[in-house]
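Notebook open, model loaded. I'm jotting things down in the order I looked them up.

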Amino acid sequence: MNALKKLFGGNTRQFGMIFALVALIIFFQFATEGRTLTPGNVINLFNGNSYILILAIGMVLVIIAGHIDLSVGSVAAFVGVTVALAIRDWGIPWWAGILLGLVLGAIIGAWQGWWTAYVGIPAFIVTLAGMLLFRGFNQFVGKSNTIPVPNDFQFIGSGYLPEVGPNTGYNNLTLLLGIAVVAFVVVGELRSRARAKALGAEVPEMWVTVLKLVLVCAAILYATYLFATGRPGTSFPIPGLILAVLVLIYGFISSRTILGRHVYAVGGNRHAAELSGVQSKKVNFLVMMNMSILAGLAGMIFVGRSTASGPFDGVGWELDAIAAVFIGGAAVTGGVGTVVGSIIGGLVMAVLNNGLQLLGVGADLTQIIKGLVLLIAVAFDVYNKSQGKRSIIGMLTRNMNRPTSGPSNPIQPDETTSTKEAIAREA
């Protein structure tokens, strides 16, 4: 029993949201008579939700810092239409258009970050104004017209890994990618185990490690099979590849760097963080600027997928991103949340929405169900905390983000001690 607890990180409740995601997939797989786990549907699921998941990565850092950003949908739409017009009217190449979009997102983020961090206006008000401002700019610049983009630019939103090598009946690059991920997971787990033993730390029995690796690798290989066996011309989508890279980068930044720890410190207790030397204004500025950069990227991916920019792009995106973050275990008061948890929360909503569409459920009932799922998920996590239990997602991502050697990170996403005490331990 003790070994089983180690397999599940000490408590099976910590995997509650992953269990919910798996349960949803299994339920819809049977309810839709096998249409959920088909290559075409899985590929469409990632293509159709990658931009929301990218927004969730930035939004979780904003919420951890104790803020909210209501402007991300409007910023994404404004960046998208600006880039589409620049490519069409100025004749710039697609890669220059992407750079232009990222720079424009950074400028917008710096504008909103300045008002929030240095003027002291609450981010809710600043981004509410930004939502109206950049929605108006989107319609003014684009004259409420649809602006098409060339095929080269569409690749970032609807492209796939190309076919290379001999004809195996599968997409070879997708197979290689899946095998590489499996090798990375296995080597990383074994190296982590070896380092822990070298430091004299307690390690689970070998069969527990093997079973964990078998389960994880089986899931990776099955997903690889689905992506590699889609209709001709499809494979692992480029938006999914961009998303995976961003998850790795921001997961590392948020859990293993000083900047990431400072974001948690500011969100947990800003005054205590400032007394400990954290530059809260700089942290808030960077968090808001980063959010708009990712919003610009999400907007360009959506434009690439839809082949054109339109006046109604980005409507309601901020609500989907915020829902994903809170379902993923973030706290309204700040200081709690993880990148991985937000992706899990976003996938729960994506699978739920996709499954209901496959079942032919109307848009009205779909919105009701999604709203109830959001409320119940957050209420269940709040209940656990009120009973003195740790956040389910917080415990899950704590184990995922824990360093493999050396002292623990002083500020972890689910720490229940005060931020001041955490920073004092670091000192």
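I started at Lys-143, which sits in the loop between helix H6 (123-142) and strand E1 (147-148). For the record, helices (H or I, at least four residues) and strands (E, at least two) are DSSP runs, numbered from the N terminus. Before going on, I noted that this is a predicted model, where local features need pLDDT of at least 70, side-chain atom pairs count only at pLDDT 80 or more, and totals for chains, interfaces and linings use all residues. Residues are numbered from 1 along each chain as its sequence is written, and side-chain values use heavy atoms, with hydrogens and water left out.

**Positive phi**

Lys-143 has a phi near 50°, a positive value in a residue other than glycine. Most residues other than glycine have a negative phi, so I flagged it. Is Lys-143 buried or exposed? Lys-143 is exposed, at a relative accessible area of 61%; buried means under 20% relative accessible area, exposed over 50%, partly exposed in between (1.4 Å probe, protein chains only).

Glu-33 is not a glycine either, yet its phi is positive at about 60°. I found Glu-33 in the loop between helix H2 (16-31) and H3, exposed with a relative accessible area of 75%.

**Whole chain**

I counted 18 helices and 2 strands in the chain. Of its 427 residues, 49% count as buried. The accessible surface comes to about 19900 Å², and 68% of that belongs to carbon and sulfur atoms (Shrake-Rupley method, 1.4 Å probe; for residues, only the protein chains shown count as cover). Among contacts with a separation of 6 or more, 76% are between residues 24 or more positions apart; contact means heavy atoms within 4.5 Å.

I then followed Met-59. Leaving aside neighbours within four places in sequence, Met-59 contacts Asp-69, Val-72, Met-291, Glu-318, Ala-321, Ile-322 and Val-325.

**H3 against H13**

H3 and helix H13 (residues 280-306) pack at about 175°, axes 8 Å apart. Axes here are lines fitted to C-alpha atoms, for helices over the stretch in contact, and angles run from 0 to 180 degrees between N-to-C directions. That angle makes H3 roughly antiparallel to H13 (the cut-off is over 145 degrees). The contact includes Ile-54, Leu-55 and Met-59 of H3, and Met-291, Leu-294 and Phe-302 of H13. I sorted its residues into 16 nonpolar, 5 polar and 1 charged, where Ala, Val, Leu, Ile, Met, Phe, Trp, Tyr, Cys and Pro count as nonpolar, Asp, Glu, Lys and Arg as charged, and the others, Gly among them, as polar.

Helix H14 (residues 317-327) is largely enclosed by the rest of the structure, because 9 of its 11 residues are buried. Trp-317, Glu-318 and Phe-326 are among them. Just after H14, Gly-329 takes a positive phi of about 105°.

Last stop was Asn-354, in helix H15 (residues 339-358). Asn-354 counts as buried at 12% relative accessibility. Not counting residues up to four places away in sequence, Asn-354 touches Asn-41 and Leu-45.

Terms used:
Angles under 35 degrees count as roughly parallel, over 145 as roughly antiparallel, 65 to 115 as roughly perpendicular and the rest as oblique.
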